[in-house]
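Reader: I'd like to go through the packing in this one. Can you put it up?

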Amino acid sequence: MSVQIITAEHLSTIKDLFESVEHNISIISPFIGDEMANLLYECIQSNSHLSCTLITRFYREDLINGVSKIHAIKRLFDSGIHIYLLTDLHTKLYLFDAESALLGSANFTSGGFRLNHELSVMVTGEKTVNDELLLYFENIKQAIVAAGD
C-alpha cells in the first residue's frame, strides 16, 4: 500500500503501469494525443485480453484546433477500446486493475506526460480509495449512457 507524489516522472510511471496491468485500464482525460494513444495501443496489442475504457471530452473545436487528435481517438476505437465522449470534462484519472490509480493534472498527451509541469498522486494497493475512484469512473460512464450520449 502506497501513495506517491508524481512530478517529473509521469511518462515512466504510466509506462510501468501499462507493463504491469493484467485485466483492466480505465482512463478519463479531456485531451488525447498521438504519443500517449500509441503507447496505449501498443499495450492493448501486446495484451489482447485487456479490457480498456476511455472517457474523453468532445468539442469539435478541440479536434479542429488539434488539442485532441481525432486519428488517435479513432486508432484507439479501432483497437477495441470502449470510448465514451462527454462535454465539460476536466478530470484526469488513470485506473489499472482497480489496484493502482494515477490522478492529477496530466492530460493523456505528450504535454501532460512528458513536457508540461504536472502534479499527480499515484495510489497503489489502497482498496478503499481505489474502489471509490473506480465508482467515480463508473458513475460518469453510466451518466453518459443514461443521457444517450
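Reader: Is Phe 113 buried or exposed?

Author: This is a predicted model. In it, Phe 113 has a relative accessibility of 3%, so it counts as buried, the cut-off being under 20%.

Reader: Which ring has its centre 5.3 Å from that of Phe 113?

Author: That of Tyr 94. The planes of the two rings stand at 85°, so the pair is edge-to-face.

Reader: Where do Tyr 94 and Phe 113 lie?

Author: Tyr 94 is in strand β5 and Phe 113 in helix α5, residues 110-115, so the pair ties together parts 19 residues apart in sequence. Tyr 94 is buried, with a relative accessible area of 1%.

Reader: What about Phe 108 and Phe 113, how are their rings arranged?

Author: Edge-to-face, with 6.1 Å from centre to centre and 90° between the planes. Phe 108 has 0% relative accessibility and counts as buried.

Reader: How many aromatic pairs are there, and which residues do ring pairs link into a cluster?

Author: The count is five aromatic pairs. The cluster consists of Phe 18, Tyr 94, Phe 96, Phe 108 and Phe 113.

Reader: Back to Phe 108. What is it in contact with, leaving aside neighbours within four places in sequence?

Author: The list includes Ile 14, Phe 18, Ile 27, Met 36, Leu 40, Tyr 94 and Phe 113. Ser 29 and Gly 33 are also among the contacts of Phe 108.

Reader: Now the largest nonpolar core. Which members touch the most others?

Author: Ile 14, Phe 18, Ile 25, Leu 40, Phe 108 and Phe 113, out of 29 residues.

Reader: And which elements give two or more residues to that core?

Author: Helices α1 (10-20), α2 (34-46) and α4 (70-78), with strands β2 (24-29), β3 (51-57) and β5 (93-96). The largest share comes from α2, which gives six residues.

Reader: What is in the second core?

Author: That one is separate and has 10 residues, among them Ile 55, Leu 133, Phe 137 and Ile 140.

Reader: Different topic. Which residue lies over the face of Tyr 41?

Author: Arg 75, at 3.7 Å from the ring centre.

Reader: Last one, the strands. In what sense do β1 and β7 pair?

Author: Antiparallel, over five bridges, with β1 covering residues 2-6 and β7 residues 120-124. Val 3 stands opposite Val 123 there.

Reader: And how does β6 pair with β7?

Author: Strand β6, residues 100-104, pairs with β7 in the antiparallel sense, also over five bridges. Gly 104 has Ser 120 of β7 as its bridge partner.

Technical notes:
Residues are numbered from 1 along each chain as its sequence is written. This is a predicted model: local features need pLDDT of at least 70, side-chain atom pairs count only at pLDDT 80 or more; totals for chains, interfaces and linings use all residues. Side-chain values use heavy atoms; hydrogens and water are left out. A nonpolar core is a set of buried Ala, Val, Leu, Ile, Met, Phe, Trp, Tyr and Cys residues joined through side-chain atoms within 4.5 Å. Buried means under 20% relative accessible area, exposed over 50%, partly exposed in between (1.4 Å probe, protein chains only). Helices (H or I, at least four residues) and strands (E, at least two) are DSSP runs, numbered from the N terminus. Contact means heavy atoms within 4.5 Å. Rings of Phe, Tyr and Trp (its six-membered ring) pair if their centres lie within 6.5 Å; planes under 30 degrees apart count as stacked, over 60 as edge-to-face and the rest as tilted. A charge sits over a ring if NZ of Lys or CZ of Arg is within 6 Å of the ring centre and within 35 degrees of the ring normal. Two strands pair if DSSP finds at least two bridges between them.
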